[in-house]
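Here is a short report for a reader new to this structure. Look at the display first, then read on.

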Amino acid sequence: MKIRNYWNLRDWGADIWERANRPKRIAIAVGSVILVGLLPFAGASFLATPIAAYDAVLVYPVGIFVLMALGLNIVVGKSGMLDLGYVAFFAIGAYTMAIMGTTTGLNTWEIMPFGIGFAMLAGVILGLPTLRLRGDYLAIVTLGFGEIVRLVLLNSSWSKGPNGIANVPMPPDIGPLKFKLDDQKVFFWVVILMILLTIWMIRRLSVRRPGRAWEAIRQDEDAAELMGVPTLKFKIWSFTLGAAVGGAAGVLYASKNLFIAPEMFTLNVSILILSCVVFGGIGNIWGVVIGATILGYLPDRIRFISDARLLVFGLVLVVVMNFRPDGLLPRKKREKVIVKKGVHA
Amino acid sequence: MFAVLIDQFWSLTIAGVALGFIYVLISLGYTMVYGVLRMINFANSEIFMWGTFGTVITSRDIFHYTQTSEPATGAKLALVLITSLFMSMLVAGLTAVFVEFVAYRRLRMKGTNRLATLISAIGISIALQEVMRLLTDSRPVGSPRVLEKIILTEVWGANIRLDTVITIIAAASIFFILERFIKLSRMGKAIRAVSQNEDAAKLMGVNLNRVITTTFLVGGLATGAAAFFYITVFEYTKFNIGFTMGMAAFTAAVLGGIGNIRGAFYGGLSLGLLEVYASAVLGTQWKAVTVFIVLVLVLLFKPNGLFGEAVQTTRA
């Protein structure tokens, strides 16, 4: 028995989870999903955002940020490659939705695979030549790529340049659930579903060969290569999967916002998403979720200090990074041991 | 397509060299910090932005120049320009030291991961930018014209303006002085020692904290000087100008081989020229795309930069 440290939220949560048996675990999981799903109804409580509509804030920034942060976490957290141009994949997804939605008769769900596909294609095209680079150089190249995508969108006629694309269709209704502009609960539930799918994908991959390969690459790329891990292949896979999640988020965002323009896809978004990942706890899914939730939600919650909210945001980043450099919920030092226990339980 | 380029080749070249020297000085802020810490000084763009306000405040609030007043001449002109230059350097230098103190020092002492430091630097640069946005009400700030842009002479059909000449000569000399400082002074030697091998330098009795603070200070001073020249040429600033200039200067640093001071020189100049030529040929809106594509190509085929020696071997 070790003394429980109540400040260590990660171990506290892991403790409860490990001690629970299967039905209890299902109960915890279902319970928390329902709890999160009910969040849009809490609009009247202290959670409400003063100026922006509360349920809209839950979809964007909060929900979309969580989704994108999870995608970026595959690249930055799992395989340790610093990607500063993640917004490019988000933009590609969004523009796929906007262009195909306004020109063809397809609906959001039919366009989703195309958006994901184009984002993945872009991931491969960018990844093949650049993933041989490392560290800061990779960061700069990806940053450049993000800017190139934005500038091409800004200066091309097929993307309608700086005017952006308006009248992007909303998703069709799913049975009794209707997508509405003034009531975005259904959007929020769709985002939750996508987040759960992403988490499921990451968890499955993490305990299998790709996850082990990423971990090896993150710790020491040369050693991994010498041990026979095809590093380039797995790096491209990691990049492409991250891109896929970003693309999916983009499709949903365009369909929710009904209007997109190049200025929505600046470097700041990439940086913000990276901040979500590092702030929450790089490499740890729950840390990333919490980090993205806080960083997405905070600026809207503190709108009462209206103008100074970004200033406070910047200072919060500095303070938290200085006192918790591994993020709010850091990754476990020995993830593997925990995973094994989970299998036996 | 190339008609403009051929037609105005020399005036473009002169503009490119002036812009290039501004880049050279800003990229010193990136390259020096990278050399010592192996880390991107993300806040350098905001240090530059704060520097530009140093010049504006000097000419507007200390010497009471307005948008409509007569440009200065003679000794008064020299006095205003030199005070502005020093003010910009001072503001930027102090901001850089402040950034090091708030965002880098604690994390560096703890020896934590690089990403945390990066995010901390991003945080401080958001904060710096926001403070300036609140102070200026998000409005662009025009700088009063102190220096009249007289056309000195004409060479091969290109007008040579006074502000370009001052920028080129003064920026080159500032770069030269800083380069000598790094090369010859005791502190400069210490900086180079730390950038070659931090542990060995520490064992040899180099005061690491002082060296790193000085590095930030010198980088800030160079960036501040660049801010002054930027105002002299463009006469305008805003809370968000840092980003574009910072990105370009960073590209310049990588182009020349980051961590390498002479690399910053070549990188800055070639980027300035490239940007000006590219906007003449393809149109201004494609300028940044060209720059980035060149950067990607350089990194792919010559990852140490076009002119740099390998970062690990020599540094001067």
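Predicted model: local features only at pLDDT ≥ 70, side-chain atom pairs only at ≥ 80, totals over all residues.

**Where the chains meet**

Chain B brings 31 residues into contact with 29 residues of chain A. On the chain B side, helices H4 (74-110), H5 (114-136) and H12 (287-301) each give two or more residues. The largest share comes from H5(B), with 12 residues. By class, the side of chain B that touches chain A has 23 nonpolar, five polar and three charged residues.

**A crossing in chain B**

Helix H7 (residues 186-196) and helix H9 (residues 208-234) of chain B have axes that come within 10 Å. They cross at roughly 100 degrees. Angles of 65 to 115 degrees count as roughly perpendicular, so H7(B) is roughly perpendicular to H9(B). From H7(B), the residues B:Met187, B:Ala190, B:Ile191 and B:Val194 take part; they meet B:Leu208, B:Val211, B:Thr214 and B:Thr215 of H9(B).

The two contacts, by residue class:

| Contact | Nonpolar | Polar | Charged |
|---|---|---|---|
| H7(B) with H9(B) | six residues | two residues | no residues |

**Helix H12 of chain A**

Helix H12 (residues 285-301) of chain A has 17 residues. From first C-alpha to last, H12(A) reaches 24 Å, close to the 24 Å expected at 1.5 Å a residue. Which residues of H12(A) are buried? Among them are A:Ile285, A:Val288, A:Val289, A:Ile290, A:Leu295 and A:Asp300. The buried residues of H12(A) pack against helices H3 (54-78), H7 (185-206) and H11 (267-280) of chain A.

Definitions and conventions
Residues numbered from 1 in each chain as written. Chains lettered and ligands numbered in written order. Axes fitted to C-alpha atoms, helices over the stretch in contact; angles between N-to-C directions. Helix = DSSP H or I, 4+ residues; strand = E, 2+ residues; numbered from the N terminus. Parallel < 35°, antiparallel > 145°, perpendicular 65-115°, else oblique. Contact = placed C-beta atoms within 7 Å. Nonpolar A, V, L, I, M, F, W, Y, C, P; charged D, E, K, R; others polar. Expected span 1.5 Å × (residues − 1). Buried ≥ 20, exposed ≤ 12 C-beta atoms within 10 Å, placed from the backbone.
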